[in-house]
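Please keep the sequence and the model in view while reading.

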Amino acid sequence: AGPVVFDIRELEHPDAATVEALARLQLTALRSGRRIRLRNACGELRDLLALAGLVELLPVVGPAEGSGLQPLRQPEQREEVGGVEEERDPGDPVA
């Protein structure tokens, strides 16, 4: 069976108790061989999940499963800022 999707757009002021309740729901689902996904989570809840280190345990999806949010890029995947050059080590031979 696929994941259970909770549309939580009506959740306006999440707090630590909200995060705890969602984590407990996920643990219960995992014990039953299922997973839950959160749809339409507000920025405040996303921030709380990140702060608690639960972003991977409680994934958030956009309005339709598999669309909406883009995963965060890792630092090594960022584009370099224009006009920034590395300094050359004086001991290195000129190429």
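Arginine 35 touches Pro3, Val4, Gln26, Ala29, Leu30, Glu56, Leu57 and Pro59, leaving aside residues up to four places away in sequence; a contact here means heavy atoms within 4.5 Å. This arginine sits in the loop between H1 and S2. Arginine 35 counts as partly exposed because its relative accessibility is 29%. The terms are set by relative accessible area: buried is under 20%, exposed is over 50%, and partly exposed lies in between, with a 1.4 Å probe and protein chains only. Arginine 35 and leucine 25 are 10 residues apart in sequence, and their C-alpha atoms are 9.1 Å apart in space.

The model is predicted; local features need pLDDT of at least 70, side-chain atom pairs count only at pLDDT 80 or more, and totals for chains, interfaces and linings use all residues. Residues are numbered from 1 along each chain as its sequence is written, and side-chain values use heavy atoms, with hydrogens and water left out.

## Overall arrangement

The chain contains 2 helices and 3 strands. Read from the N terminus, its elements follow the order β-α-β-α-β. Helices (H or I, at least four residues) and strands (E, at least two) are DSSP runs, numbered from the N terminus. Of the 95 residues in the chain, 23% are buried. Among contacts between residues at least 6 apart in sequence, 59% join residues at least 24 apart. The accessible surface of the chain is about 7500 Å², and carbon and sulfur atoms account for 52% of it. Accessible areas come from the Shrake-Rupley method with a 1.4 Å probe, and for residues only the protein chains shown count as cover.

## The nonpolar core

Which residues have the most contacts inside the largest nonpolar core? They are Leu38, Leu45, Leu49, Leu54 and Leu58, in a core of 13 residues. Helix H1 (16-31), strand S2 (36-39) and helix H2 (43-51) each supply at least two residues of this core. H1 gives the largest share, 4 residues. A nonpolar core is a set of buried Ala, Val, Leu, Ile, Met, Phe, Trp, Tyr and Cys residues joined through side-chain atoms within 4.5 Å. Leucine 58 touches Val19, Leu22, Ala23, Gln26, Ile36, Leu38 and Leu49, again without residues up to four places away in sequence.

## A nonpolar patch on the surface

On the surface, Val4, Phe6 and Leu25 form a nonpolar patch with about 210 Å² of accessible area together. Patches are made of residues with over 30% relative accessible area and no salt bridge; like charges are joined within 9 Å, and nonpolar side chains (Val, Leu, Ile, Met, Phe, Trp, Tyr) within 5 Å. Valine 4 belongs to strand S1 (residues 4-7). With 32% relative accessibility, valine 4 is partly exposed.

## Charged and polar pairs

Side chains of opposite charge can pair when their charged atoms come close. The structure holds 2 salt bridges, each defined as a side-chain nitrogen of Lys or Arg within 4 Å of a carboxyl oxygen of Asp or Glu. A polar contact is a pair of N or O atoms within 3.5 Å; within protein, one must be able to donate a hydrogen and the other to accept it, and residues adjacent in sequence count only if both atoms are side-chain atoms. The table lists side-chain pairs of both kinds.

| Pair | Kind | Distance |
|---|---|---|
| Aspartate 7 and arginine 9 | Salt bridge | 2.7 Å |
| Glutamate 20 and arginine 24 | Salt bridge | 3.0 Å |
| Asparagine 40 and aspartate 7 | Polar contact | 3.2 Å |
| Threonine 18 and aspartate 15 | Polar contact | 3.0 Å |

Glutamate 20 and arginine 24 both lie in helix H1, 4 residues apart, which is about one turn of the helix. Glutamate 20 is partly exposed, at 44%, whereas arginine 24 is exposed, at 55%. Threonine 18 is also in helix H1, and its 16% relative accessibility makes it buried.

Aspartate 7 takes part in a salt bridge with arginine 9 and in a polar contact with asparagine 40. Is asparagine 40 buried or exposed? At 18% relative accessibility, asparagine 40 counts as buried, while aspartate 7 is partly exposed at 40%. Asparagine 40 lies in the loop between S2 and H2 and has a positive phi of about 60°, although it is not a glycine.
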